[in-house]
Each structure stands twice: as C-alpha cells, then as structure tokens.
Amino acid sequence: MPSDQAPDKAVMPEPAGAPVPAVTPERVLAGLALLVPIVAMLWVSSYDKPDPAVAGMPFFYWYQLLWVPVSAVFTVAAYLLINRDEKARKAARNGGAR
Amino acid sequence: MKDVNVPALVVFVLFFLLVTAMGFLASRWRRADNAAHLDEWGLGGRSFGTWVTWFLLGGDLYTAYTFVAVPAAVYATGAAGFFAVPYTIIAYPLVFLFLPRLWSVSRVHGYVTPADFVRGRYGSRPLSLVVALTGILATMPYIALQLVGIQAVLDVLGVGGGENANWFVKDLPLFLAFGVLAAYTYSSGLRAPALIAFVKDALVYIVIIVAVIYIPLRLGGYGHIFGAAADHFKQAKAGGLTLPDNKQWTYATLGLGSAMALFMYPHSVTGVLASKSRNTVRRNMAIMPAYSLMLGLLALLGFMAIAAGVGSGVKGYNSQLSVPQLFANMFPDWFTGVAFAAIGIGALVPAAIMSIAAANLFTRNVYKEWLKPAATPADETRIAKLVSLLVKVGALVFVLGMDKQAAINLQLLGGLWILQTFVAIVGGLFTRWFHHWALFAGWAAGMVYGTWKAYGLASPATKHFGGNAAEIPGIGEIGYIGLTAFALNLIVAVALTLVLRAVKAPDGPDETKPSDYSAEAGDDELENAPEPVAAH
C-alpha cells in the first residue's frame, strides 16, 4: 500500500509551471500547414499544363490563382494553432510564477 | 507630341492633390508625445494595428513598378512572367515563421532596422555595416523604378512625353510629383505613406476588379483572350501559355528566391516593425494574400493587352507601356484617370517608405555607429529626415541621368543582393551558432558570385545583366542566380563557422536573450525593457 501522501500526488496534475516542451502537436501542425502551400507552388511540373481549362482560362493560371485563397486558409490555421500554443505557454509561465 | 487626354489628366491631378493634402495632414494623425525620437518619424511610433498595417504593407510591397512590370513580363513572355503569383503565395507562410521573432526582439531592444538587430545579436560592427549598406544599395534603384512607373503613366497621358520636348518641360511633372512627395515625407515620416496607403489600395482594388471584368467583356471573354495570346506566342516563336520543361526550375527558384528576399528589403521590415504587436504581424501574414490575388489578376492584363492588339506591329515596343496603354484604349477617359491615379499613387507610397527605410539604415547603422556615436535621438531624427530627401534626389538623378535599363538591371541585382543578408538575419533569429566572420564571408561570396553571374548574362535589350537565371552548378538546371548565390553563402557560412569554432576564434557579445524572441506587447519583457528613448 502506498503511503498517505501517495494518492494525493497521483491526482495532482503536472506541477504548475512545468515548461511546455519545444515540440508540441500545435507547433508541428502549424509547421505542416505552412509547408503545404510552399511545396505545392514549388512543384511546378504538377501544374504546368493547359488542360483542363475553366471558362477559357488554362489550368496553369486558374490553379495558381486558386492557391492564393487556399494558402490563406492554411496560414489562418497556422495562426490559430500558434495562438493556442502561446496561450498554453503563457499559462504555464504564469503558473510557475505564482 | 501626342494629344493630352484631358479628362483623364483632370481626374489624375485631383487624386494627386487629395493625397498631397493627406500627406501633410498625416503628421497630426495619432500624434506622439515625443516627436523628436526616430521611432516616431521612422516607424510611426510603432503603433499601427492590424488594418493600418495591412494597408501599409500592401501599399509598400505591391508597388507601381509591380503593377507595370508584372503584366509587362506576362505580355512579353507569357507563363514565365506569372512567377510573381507563386512568389507571393510562398512568401507569407515562409515569413510567418520568422517575422514575429524579428518584431519581438526589435521591440524589446528598440531596433529600428535589420542591421540594428545584427549589431545586437552578433556584436559585430562590420557585419552590421554590410547588412545596412546592402539594404541601401538594394533600395535605391527600387525607388528609381517607382519613378519609371509614374513616367509610364505620364507618357500615355500625353503630358511631358514626346521625344522632342525639351528635357525640363518633359520631366516637369515628375519633378513636381517628387518634390511634393519629398516634402510630406520629410514633415510627416511614416505616417504619411500609412495614411495615403488607404487611398492607394482602395483605388487599386477598384481598378483591378473593374479591369478583369470590363476588359474581357469588351474583348470577347477569357477564352478569346487566351486564344489570341496563344496565337501571338506561336507566331513570335517566343514565350507561351505554359512553361517548357527546362524552364520549370527557373520558375520555382525565382518564386522561392524572391519570396525569401521580400522581407529582407528594409522597407518591408519598416512596415513590420511599425506594427504595435507580435500578433498584428502574424494576423497580417494571413490576410496579405488578398493583395496576391489582386496581383494575379493584374498579371492577366498582360494577355489582355496582347488580345487588344496593344503594341502589335510596333518594332521594339516597350512592354512597360502595355498595361497603361491598354487602360487608355479600353476605359472611358475619366476611368483611365482613376486607373492612372492608382499607379501614380502606387508609386508614391512605396517610394516614401523606401526612402524612410534607407534613411533609417544610414542614420542608425552608418551615421550613429561610425560617424557620431554621441548622436541623440533628436539628432538621429534630424539626420534621417535629411537623408530621406537626399535618397529621393539621388533616385531622381538616377532616372533622368541614366537610361531606364540601368535602373531595371540594378533592381534585378538588388533582389539578388538583399537575399544575401538572409543567412545573417534569419539565421540569427533562431540560433547564435553562426560566427559573425563566417556570415561576413558568406555574404561576400554570395554578393560576388551573384553579381559576376548576372554580369555575364546578355539579352536583346542589354549586353550585361540581361537576366536573372543561369545554370546551377552541380544540378545542371537553369535557376535563379540569387538563390544559387544564397546557397553558396550558406555553405560558406556553415563551413567557416565550423572552422572558427574549432580554433576557438573570439566571438562578439550577444545582447539578446532567448525570451526576447517571443515577447509580446504587454509582456514582462516589454514592461521591463528600457524605453526606446533611453535605450539608444
């Protein structure tokens, strides 16, 4: 049987002020979200073709134009993830100072 | 001399007068307590929120030259000219990674320029100096090209143009425009372009949206436009609607290299540091693509100019005039005036910010660092204001005295040069591992290699500096010289750092600490940080 203090310790969450690790799921996901549009645009051979055209505009042009708003969606996702991460870090810091 | 387009000219002049008044009144906008400090004149008091920053950065990065040159490149080469679109798509996710860190550390230590950061991080005066000089060197021809943008508009309007007009009459409108710009930049600092950027961006959005709907309607739809462009490129046996296989590397490396260079330019950094919080910077990276969409649509105007027969049959037609001419041919006169005002004001905003950024660099990293270390903040502001005037006069002399090709060549080189500061700046934001002399050597290697390679390129228009792509050693594909030079720069910096660390070469002091790079407005780091006034 554990001592009297043991159950107390077991229910306690991580000690307040524990540093958040440098690599968190939020940061990894944000990094991936930022990487996607960069890779998509550098992969020129994937879109260097005229067909299928839309409303008379060759694929090459409408595909890249479409990536402008799509890249913005990915960047917004990264922004939200990083915001969450920084809030958690701040909370951890303030917990430590208490 | 061509006929003057009177209704267009009247509308153009009215808008010009409006922004001139705004420029002078801007000094009263959010007026600060300490007007003598360089933070006030040179960074608008570091007070701009999300929307002001959005307009300011949009007005700053998407310049008149862009409006003229991007569709001109599409007009001349087709698909290859469209690289501006992937370039701006790549840029924001990329800089999202490091600009917030640059904002934080600059706010904590009161840095005004990227060279200030390099000085503080590496404790190296020579490295800071070359970063500053590279910035000034890259910015000067860029300012000159804004004038080329205004000139293109004035030419098509029929004022000042004409080959046989005497030089003074010919350039008088340009003198006037620049004189006025210089005066309100001097008196209002960064607040002037920030306020005028609202007008500029609104005009640009209106003009582009109208253009991409109205012009295709008149030309018989996008199918017809792309059809005509395809025929044109087939006949010309140059360019095309898609890239040949051997140009794909060039396209990708130009996009990536330009995206990396974009926020190394001093005027971009000025726009970022003027924002009031770290989150403002991040939020802007997510909303800036609205401008990229506009740029993409604008690029399509190059094809419309082909379909409308602009410049067809004229030998050696200056493609820079293709889009202004397209507007003049297609729009009713009064709306041509609005469109030209968008381009003209689109030149004034970035020219003002660029001259402020160059002045900040000279004042902080040359004057105060090397010439007069005892300069007070009030001295700094006085010098920066004077230098902003000199920079503009220099650009004017440049455009009037040298031929335009030289300005275009130098701007091309400017992108290549400024990219060579990337390792020192962005590397320094994440690690203190690099040795400052290794970074210096890497910078020098990149500058020399890139300039030498670009010098050896000929084009029909010019004997040297005729392009920006050459074979990448070891890969064999044709790629952007700037990015190849950057790779060389990085290799040299890494290799020499290993050597210098191995021999335990003495290193400079680092005045920053890790928490400085994540400080946000309202945090302890900023509360405890010395007030900018006291810090320098």
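Helix axes on this tour are lines fitted to C-alpha atoms over the stretch in contact, and the angles between them, taken between N-to-C directions, run from 0 to 180 degrees. Helices themselves are DSSP runs of H or I with at least four residues, numbered from the N terminus.

This is a predicted model, in which local features need pLDDT of at least 70 and side-chain atom pairs count only at pLDDT 80 or more, while totals for chains, interfaces and linings use all residues. Residues are numbered from 1 along each chain as its sequence is written, and chains are lettered from A, with ligands numbered from 1, in the order in which they are written.

**Stop one: α15 and α16 of chain B.** The crossing is left-handed, a term used when the near helix is turned anticlockwise from the far one by less than a right angle. Now show L301(B), G302(B), M304(B) and A305(B) in α15(B), which meet S322(B), V323(B) and L326(B) in α16(B).

**Stop three: α4 and α8 of chain B.** Move to helix α4, residues 64–77, and helix α8, residues 125–157, which pack at an angle of about 70 degrees with their axes 8 Å apart. The two helices are therefore roughly perpendicular to each other, the word covering angles of 65 to 115 degrees. Their crossing is left-handed, and the contact involves A64(B), Y65(B), F67(B) and V68(B) of α4(B), with residues of α8(B) including L145(B), V148(B) and I150(B).

**Stop four: α7 and α20 of chain B.** Finally, select helix α7, residues 114–122, and helix α20, residues 422–430, whose axes lie 10 Å apart at an angle of about 55 degrees. That angle makes α7(B) oblique to α20(B), oblique being what remains once angles under 35 degrees (roughly parallel), over 145 (roughly antiparallel) and 65 to 115 are set aside. Here P114(B), F117(B), V118(B), R121(B) and Y122(B) of α7(B) make the contact with A424(B), I425(B) and G428(B) of α20(B).

How values were computed
Two residues are in contact if their C-beta atoms, placed from the backbone, lie within 7 Å.
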